[in-house]
Amino acid sequence: MKMNDIANAGASSAPSEGWPSPASPGSSASAPSGGSERHEVRKRGGEVVLDVKNISLAFGGVKALTDISFDVREHEIRAIIGPNGAGKSSMLNCINGVYQPQQGSISFRGQTFRHMNSRQVAEMGIARTFQNLALFKGMSVLDNIMTGRNLKIRSNILLQALRIGPAEREEIRHREFVERIIDFLEIQAWRKTPVGQLPYGLQKRVDLGRALAMEPQVLLLDEPMAGMNVEEKQDMCRFILDVNDEFGTTVVLIEHDMGVVMDISDRVVVLDYGRKIGDGTPADVRNNEDVIRAYLGTSH
Ligand SMILES: Nc1ncnc2c1ncn2[C@@H]1O[C@H](COP(=O)(O)OP(=O)(O)OP(=O)(O)O)[C@@H](O)[C@H]1O
Ligand SMILES: [Mg+2]
């Protein structure tokens with residue numbers, strides 16, 4: 001099934017404001033090895049969607065981030081790389097309102113936000129997945145992905161609890177939307193399975209599904225391929241590329257697998273000990289002496 005179908009379903013049967021229309025319906029997603037070809041067709045130089053300016057974050061004496069600035073442009077796949085403890089997850093946590101940086105600002109489509117909590121950031125259209133999965137292990141795949149629809153549910157809590165009237169109709173529409181995400185992620189066989197019983201690679205896919213259920217404009221992915229075998233990584237790359245191509249969803253991706261980063265990202269930010277040491281295309285970064293010294297020379 002195509003992601004277009006999900007978008008169409010959203011437009012016709014479920015609230016879908018903020019869900020981008022398909023960017024290039026004819027484009028096809030490819031496995032990582034197709035990366036260079038896709039870079040030629042990718043829209044480049046779009047408007048700045050996220051603007052991170054001079055962010056500093058400390059935990060007591062530990063400086064997690066020092067004066068970090070970078071931007072993320074419409075429709076790109078922007079990677080954040082760096083050794084363990086470099087500050088990558090902290091950066092995503094600042095963007096999505098989990099951490100409040102002591103200095104600096106973050107703007108989304110020109111609007112600077114300060115002291116926003118995760119829910120407010122999500123309502124603006126920024127969704128994320130987590131390095132350490134944040135799924136309800138005892139709940140089914142379907143119900144976990146359904147939690148991503150919570151922001152979109154409008155009926156009041158009492159009607160929802162009683163499942164009557166508009167609340168029931170609304171729930172059916174949201175469930176249909178979630179079923180389409182399940183089809184897209186090719187996890188139909190496990191839709192009723194408690195997430196805790198699934199292998200780790202599939203749990204990562206469910207976490208992506210939960211984020212997709214929010215119909216995000218920007219998707220923040222914290223090591224979506226960690227702990228996966230080669231085949232599972234290829235599948236995850238394909239899903240990320242599909243979402244990016246067919247919805248035009250902007251992606252910010254933390255990833256340790258350099259092959260994946262070089263293949264699917266448009267631009268790369270490199271962090272080391274909380275400082276930015278590189279920023280550019282995968283080729284720029286690969287040839288950056290500081291990056292080679294700090295990151296590419298170390299094993300993960
Ligand atoms: N909640 C916290 N409290 C205290 N220190 C923290 C907290 N979160 C992060 N840190 C510290 O900030 C630094 C950056 O951590 P962060 O998790 O952002 O790194 P990372 O680049 O995501 O690393 P990894 O590749 O291992 O996931 C580390 O020194 C870490 O110990
Ligand atoms: Mg991390």
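View 1. Leaving out residues up to four places away in sequence, Ile-145 touches Val-178, Ile-181, Ile-182, Val-206, Gly-209, Arg-210 and Ala-213; two residues are in contact if their C-beta atoms, placed from the backbone, lie within 7 Å. The model is predicted, so local features need pLDDT of at least 70 and side-chain atom pairs count only at pLDDT 80 or more, while totals for chains, interfaces and linings use all residues. Residues are numbered from 1 along each chain as its sequence is written, and chains are lettered from A and ligands numbered from 1 in the order in which they are written. Ile-145 and Ile-181 touch the most other members of the largest nonpolar core, which has 72 residues. Helix α9 (residues 230–247) supplies the largest share of this core, seven residues. A nonpolar core is a set of buried Ala, Val, Leu, Ile, Met, Phe, Trp, Tyr and Cys residues joined through C-beta atoms within 7 Å.

**View 2. Ile-68 in strand β2****.** Ile-68 counts as buried because it has 25 C-beta neighbours inside 10 Å; the cut-offs are 20 or more other C-beta atoms within 10 Å for buried, 12 or fewer for exposed, and in between for partly exposed. Apart from neighbours within four places in sequence, Ile-68 is in contact with Val-52, Ile-55, Met-91 and Lys-276. Ile-68 and Lys-276 lie 208 residues apart in sequence, but their C-alpha atoms are 6.1 Å apart in space.

**View 3. The open sheet of four strands****.** The strands follow the order β2-β1-β4-β5, with antiparallel pairing. Strands β2 and β5 (111–113) are at the edges and have a single partner strand each, so one side of each has no neighbour in the sheet. From one strand to the next, the twist averages 25 degrees (axes are lines fitted to C-alpha atoms, and angles run from 0 to 180 degrees between N-to-C directions). Strand β4 (residues 103–108) is joined to β5 by three bridges; two strands pair if DSSP finds at least two bridges between them. Ser-107 is opposite Thr-112 in β5.

**View 4. The shell around ligand 1****.** Among the residues around ligand 1 are Phe-59, Val-62, Asn-84, Lys-88 and Gln-131. Two or more residues of the shell come from each of β2 (62–73) and α3 (88–95); helices (H or I, at least four residues) and strands (E, at least two) are DSSP runs, numbered from the N terminus. The most, three residues, come from α3. The shell has four nonpolar, seven polar and one charged residues, where Gly counts as polar.

Definitions and conventions:
Near = placed C-beta within 6 Å.
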